[in-house]
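Hi,

Here is the structure I promised to pass on. Have a look at it first, and then read on for what turned up.

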Amino acid sequence: MGQQTVAKDEMLKMRTDTSFLPACWSDDRRMGILLAEFRPRQLNAESYDMKMKFWKDLIFSYCTECGSSIVSIVMLKEKFRRNGTVPYCLHTVIEDMLAKGELCKESQYKVQRHAGTFGFNLWTASKLIQAPLSWGYEAVIGSVIGSTNINENENFIVTAVAEQHAKAIENAINERGLQNKLLQYDDLITLLAETSNITRQGVEPAMILLENRGRLTKQIMASGESSTVLIKFAGANLAAQPITSIEKSIYDLEQSEKRLMKDINTIERNISQTMDEVREYIKNGRKQMAKTYLKKKHTLEKHMQGKISALENLQILLLKIHNSQSDKNVIEAYKLGTSALKSAYESAGITIDQLDETMDEMKHVLGQHNEMLSMISTVAEDDVDELELERELGDLIDIKLAESKIDKKDYPAIPATSTVENNVNNVPDFDREIEKRLAALRVDVIDGYKAAEQA
């Protein structure tokens with residue numbers, strides 16, 4: 001009943017929408033020629049081809065505008081009726097489109113897909129080889145013995161429009177990142193209604209086309225008397241993979257999550273309504289009824305709490321399942337990295353034994369290096385006797401003092417060797433004595449320079 005209502009609504013929309021009609025539709029003379037039967041092409045090939053192109057373009061525009069690639073002669077006659085006159089040339093147009101592969105019979109289009117060796121599509125093979133041959137045969141027979149017997153109620157698929165719809169569906173899926181995710185057929189219809197003008201009737205041919213090309217996988221899940229169609233679209237440049245049992249389990253859990261959330265929302269509304277009743281009864285002084293509804297409110301709250309607990313457990317379970325997939329990806333990355341590192345070591349020729357040998361050799365070389373630095377920094381020991389040098393220096397100073405005629409009586413004599421050797425602690429005094437004698441020499445030299453200058 002619901003599908004019939006949808007079909008009626010679509011037919012009503014097609015009757016009222018005329019935006020696809022060309023500008024010449026209001027030209028009576030021009031349209032009188034276009035609505036009439038085709039004259040033999042031999043008489044005027046150019047006029048024949050222009051008229052054929054006009055009707056093909058109009059059918060394509062009509063399908064694009066109404067959002068469905070399915071047509072029939074009855075439908076087109078009704079849609080293209082002009083001032084009570086229907087097109088009498090549609091049989092010829094449909095025959096030509098069938099012969100050139102621009103149309104496909106819906107019964108042939110719905111042939112089930114059978115995958116052959118290496119994923120080759122036998123349905124596609126039959127469509128590419130057998131179908132055009134049969135359509136061409138029908139067209140040739142029609143041109144020889146007259147128009148073929150085409151059922152005006154039979155549905156045909158406009159292949160160009162089906163291709164267009166298939167691209168629109170894939171674009172909608174890619175924009176929302178729904179590749180490799182299970183999707184209900186009804187949810188897909190809702191999505192397309194928001195993003196395009198493709199109708200439910202128009203979705204089916206495009207879906208069959210995508211399925212035959214390996215761009216999606218479809219599976220029916222039965223639950224009691226009802227059934228659900230699940231769809232999984234393939235990623236970019238990939239073939240669609242079968243729906244796995246894990247994916248179906250995740251789908252069931254997610255559906256249970258949605259049902260629980262819906263139940264919780266319903267219970268919350270019931271609690272709110274119950275409290276409104278309690279307040280109303282209290283206002284009217286009906287204590288017992290208020291008490292009864294208050295008990296109902298507590299019962300609903302307990303029931304809701306149980307639902308909330310179940311929902312939390314279910315969400316935790318779903319989270320763990322999704323995390324397991326992430327963990328799997330991490331482990332795969334670890335394996336890949338380990339294999340790459342192992343290959344890098346092998347290609348470089350690095351082994352544990354070689355590394356151990358290299359480290360030992362490096363330690364040995366570093367030890368030799370440190371030993372060399374230690375030898376280089378060692379200061380050679382001085383074997384000259386410091387006291388002997390001091391005495392020699394004192395003698396030289398005394399000679400200089402004598403030459404300068406400086407009296408040495410003001411300066412104590414340099415200690416004897418034995419005395420110095422026995423009194424090592426007196427070395428600083430001996431140094432001071434030498435410094436005094438040097439100072440006297442400097443003073444005497446300065447006085448000599450001054451005397452020379454005055455002379």
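To start with the overall picture: of the 455 residues in the protein, 30% are buried. Keep in mind that this is a predicted model. The protein has 16 helices and six strands. If you take the contacts with a separation of 6 or more, 68% of them involve residues 24 or more positions apart.

Next, the sheet. Three strands form an open sheet in the order S4-S6-S5, and the pairing is antiparallel. Strand S4 (182-184) and strand S5 (216-223) are the edge strands, each pairing on one side only. On average, neighbouring strands in this sheet are turned by 35° against each other, with direction ignored. In general, strands of a sheet pair through backbone hydrogen bonds, either parallel or antiparallel. Here, S5 pairs with strand S6 (residues 226-233) in the antiparallel sense, over eight bridges.

Now for a pair of helices. How do H3 and H5 sit relative to each other? The axes of helix H3 (residues 45-66) and helix H5 (residues 90-99) come within 10 Å and cross at roughly 85°. Angles of 65 to 115 degrees count as roughly perpendicular, so H3 and H5 are roughly perpendicular to each other. On the H3 side, the contact is made by Tyr48, Met52, Trp55, Lys56 and Ile59. H5 brings Leu90, Thr92, Val93, Asp96 and Met97 to it.

Last, the cysteines. How many disulfides does the structure hold? The count is zero. Cys63 is in no disulfide, and the nearest cysteine sulfur, that of Cys66, is 5.3 Å away. For a disulfide, the two sulfur atoms would have to be within 2.5 Å. Is Cys63 buried or exposed? Cys63 is buried, because its relative accessible area is 0% and the cut-off for buried is under 20%. Cys24, on the other hand, has 23% relative accessibility and therefore counts as partly exposed.

That's what I have for now. Enjoy looking around!

Cheers

Note on methods: Residues numbered from 1 in each chain as written. Predicted model: local features only at pLDDT ≥ 70, side-chain atom pairs only at ≥ 80, totals over all residues. Heavy atoms only, no water. Buried < 20%, exposed > 50% of the residue type's maximum accessible area, 1.4 Å probe, protein only. Pairing = 2+ DSSP bridges. Helix = DSSP H or I, 4+ residues; strand = E, 2+ residues; numbered from the N terminus. Axes fitted to C-alpha atoms, helices over the stretch in contact; angles between N-to-C directions. Contact = heavy atoms within 4.5 Å. Parallel < 35°, antiparallel > 145°, perpendicular 65-115°, else oblique.
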